[in-house]
Amino acid sequence: MFSAKKKGRKNPGKFSETLQQRFEGKFRVTPGCWPWTGSKTLKGYGQLRWKYNSLVASRVSYELYVGPIPEGLMVRHRCDNPSCVNPDHLELGTAADNSADMVQRGRHNNGSLAIQRGLSK
Ligand SMILES: [Zn+2]
């Protein structure tokens with residue numbers, strides 16, 4: 001069947017898939033967001049099973065392409081797409097940042113803090 005004349009690639013003794021290899025088969029690269037095509041959490045975040053753990057895809061992406069995530073910080077999406085794993089769309093933040101964002105975006109708008117938006121156009 002296959003002639004193995006070329007020996008350019010040497011296989012390491014044991015096959016071991018790296019986290020990166022596993023990760024990279026599970027999203028689509030587009031000019032905008034990189035939508036996760038693997039399994040997702042109920043909230044729509046990408047999920048990756050790895051060594052009996054369940055990892056959050058956006059965190060894996062950040063660690064692979066940007067750098068380690070300091071303890072206590074979370075990876076937030078600059079785009080509003082929880083399943084996106086484009087490192088350009090990810091940034092570090094605290095949980096407090098995240099809820100401040102939600103207030104700004106009006107998701108927690110209960111009326112009591114309604115700010116009059118300038119109508120001076
Ligand atoms: Zn995105």
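Colleague: What should I know before reading it?

Modeller: This is a predicted model: local features need pLDDT of at least 70, side-chain atom pairs count only at pLDDT 80 or more, and totals for chains, interfaces and linings use all residues. Residues are numbered from 1 along each chain as its sequence is written.

Colleague: In what order do the elements of the protein chain run?

Modeller: From the N terminus, α-β-β-α-β-β-α. That is three helices and four strands. Both are DSSP runs, numbered from the N terminus: helices are H or I with at least four residues, strands are E with at least two.

Colleague: What percentage of the protein chain counts as buried?

Modeller: 15% of the 121 residues. Buried takes 20 or more other C-beta atoms within 10 Å of the residue's own; exposed takes 12 or fewer; partly exposed is in between, with C-beta atoms placed from the backbone.

Colleague: Which residues of helix 2 are buried?

Modeller: Ala57, Ser58, Val60, Ser61 and Tyr62, in a helix that spans residues 57-65.

Colleague: And what covers them?

Modeller: The cover includes helix 1 (19-24), strand 1, strand 2, strand 3 (74-77) and strand 4 (90-93).

Colleague: Stay with strand 3. Which residues make up its covered face?

Modeller: Val75 and His77. Met74 and Arg76 form the uncovered face.

Colleague: How does strand 3 run relative to strand 4, parallel or antiparallel?

Modeller: Antiparallel, with four bridges joining them. Strands pair if DSSP finds at least two bridges between them. Valine 75 has leucine 92 of strand 4 as its bridge partner.

Colleague: Switching to loops. Where is lysine 51?

Modeller: In the loop between strand 1 (47-50) and strand 2 (53-56). Its phi is positive, about 50 degrees, although lysine 51 is not a glycine. Most residues other than glycine have a negative phi. Tyrosine 52 lies in the loop between strand 1 and strand 2 too, and its phi is near 70 degrees.

Colleague: Is lysine 51 buried or exposed?

Modeller: Exposed, because lysine 51 has 7 C-beta neighbours inside 10 Å. Tyrosine 52 is exposed as well, with 5 other C-beta atoms in that range.

Colleague: What does glycine 44 contact, leaving aside neighbours within four places in sequence?

Modeller: Pro82 and Ser83. Contact means C-beta atoms, placed from the backbone, within 7 Å. Glycine 44 sits in the loop between helix 1 and strand 1.

Terms used. Two residues are in contact if their C-beta atoms, placed from the backbone, lie within 7 Å.
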